[in-house]
Every structure is written in structure tokens, then in C-alpha cells.
Amino acid sequence: MVKYQDETLDRTFAALSDPTRRALLARLVENDHLSVSELAAPFQISLPAIMKHLDVLTDAGLILREKTGRTVSCRLTAQPMEQAMNWLNRYAQFWSESFDRLSAFVEDKPWPMQSPAPPNAQPKVQASRSRAGSARGRKKSSPPGRKPRS
């Protein structure tokens, strides 16, 4: 049975949807244990705003916060990201197989080649029936600054 509503995946993708939160995670990839103030240092937003982003990441299970004395440090957790990658990999495999089948189909049946037209030949243009009918009934607009005749 396919599980369509997975709250863990929803929280993970919602947390990853924000560029600031992705940047915070990228900083934690570089340095596993960073204090909140060290993590917030390069950002041009307030510390309370950083704390809200960290709350979202914590709720999604992407980071853990540990308090030692007065210092709160953050570190990455892998499980939610692994679940998201597994979910994405299933669809990547599906699309890869679909594109492989399409490629095999196209390679087995080559497209018919059109003979090149002579250099002086006029291309044949055929108006569709709907355009031909509508062109007859069009009214011409009056030039700018003039009133239409009644």
C-alpha cells in the first residue's frame, strides 16, 4: 500500500524549502557542532529569526540541539534526510526507466526524413479553416485620434 500522507516527509521538505534553512544545514555539514551564535554569524538576519529557523529544522528532525552550560550547539541528524532521499530515489528510478524506454523506442523507429527543398522554392502556407473564417469578419480599427464612422 502506498503511503500518501507521511508527516515526516512533509516536515522535511517544508524545512528544506527555505534557502536560509538550507544554508544553515550546509554550515552544519562543514562543522558538525556549532553553537547557535556561531551558526548565525554569517547571516544578515536577527538571532530570533535564526532561532525560528532552527525550531523548524528541529521539528523536522534534521538537527539536534544540545545545551552545555549556557551554550546551545547544533548538529545534523541523518534519518529524515535519508527518508527523503529514499522517496526521491524511487521517483528518480521510475523516470530513469521511463526515459530509457522512450530512448529505446526512438532509436528503434527513426523519424522520417523530409527531402530538402530547393533553394528558390516558396514554402507552402495553408491557413486553417478557423483562421480563414475569422479573418473575413474582422473590423478594422480607426487610426489614432480619429473617431470611427457610424
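**Reading helix packing and sheet order**

Me: In this predicted model, at roughly what angle do the axes of helix 1 and helix 5 cross?

Reply: Two packed helices are described by the angle between their axes together with the distance between those axes. Here the axes of helix 1 (residues 7-16) and helix 5 (residues 79-108) come within 10 Å and cross at roughly 95°, which means that helix 1 is roughly perpendicular to helix 5. On the helix 1 side the contact is made by Thr8, Leu9, Thr12, Phe13 and Leu16, and on the helix 5 side by Pro80, Met81, Gln83, Ala84, Trp87 and Leu88.

Me: How many residues of that contact between helix 1 and helix 5 are nonpolar, polar or charged?

Reply: The residues of the contact divide into eight nonpolar and three polar, with no charged residue among them.

Me: Turning to the strands, what is their order in the open sheet, and which are the edge strands?

Reply: Strands of a sheet pair through backbone hydrogen bonds, in either a parallel or an antiparallel sense. This open sheet has three strands in the order 1-3-2, with antiparallel pairing, and its edge strands, each pairing on one side only, are strand 1 (34-35) and strand 2 (63-68). Strand 1 pairs with strand 3 (residues 71-76) in the antiparallel sense over two bridges, and the bridge partner of Leu34 in strand 3 is Cys74.

Me: Which strands do helix 2 and helix 4 lie across?

Reply: Helix 2 (residues 19-30) lies across strand 1, strand 2 and strand 3, running at about 90° to strand 3, while helix 4 (residues 47-59) lies across strand 2 and strand 3, running at about 120° to strand 2.

Notes:
Residues numbered from 1 in each chain as written. Predicted model: local features only at pLDDT ≥ 70, side-chain atom pairs only at ≥ 80, totals over all residues. Heavy atoms only, no water. Axes fitted to C-alpha atoms, helices over the stretch in contact; angles between N-to-C directions. Helix = DSSP H or I, 4+ residues; strand = E, 2+ residues; numbered from the N terminus. Parallel < 35°, antiparallel > 145°, perpendicular 65-115°, else oblique. Contact = heavy atoms within 4.5 Å. Nonpolar A, V, L, I, M, F, W, Y, C, P; charged D, E, K, R; others polar. Pairing = 2+ DSSP bridges.
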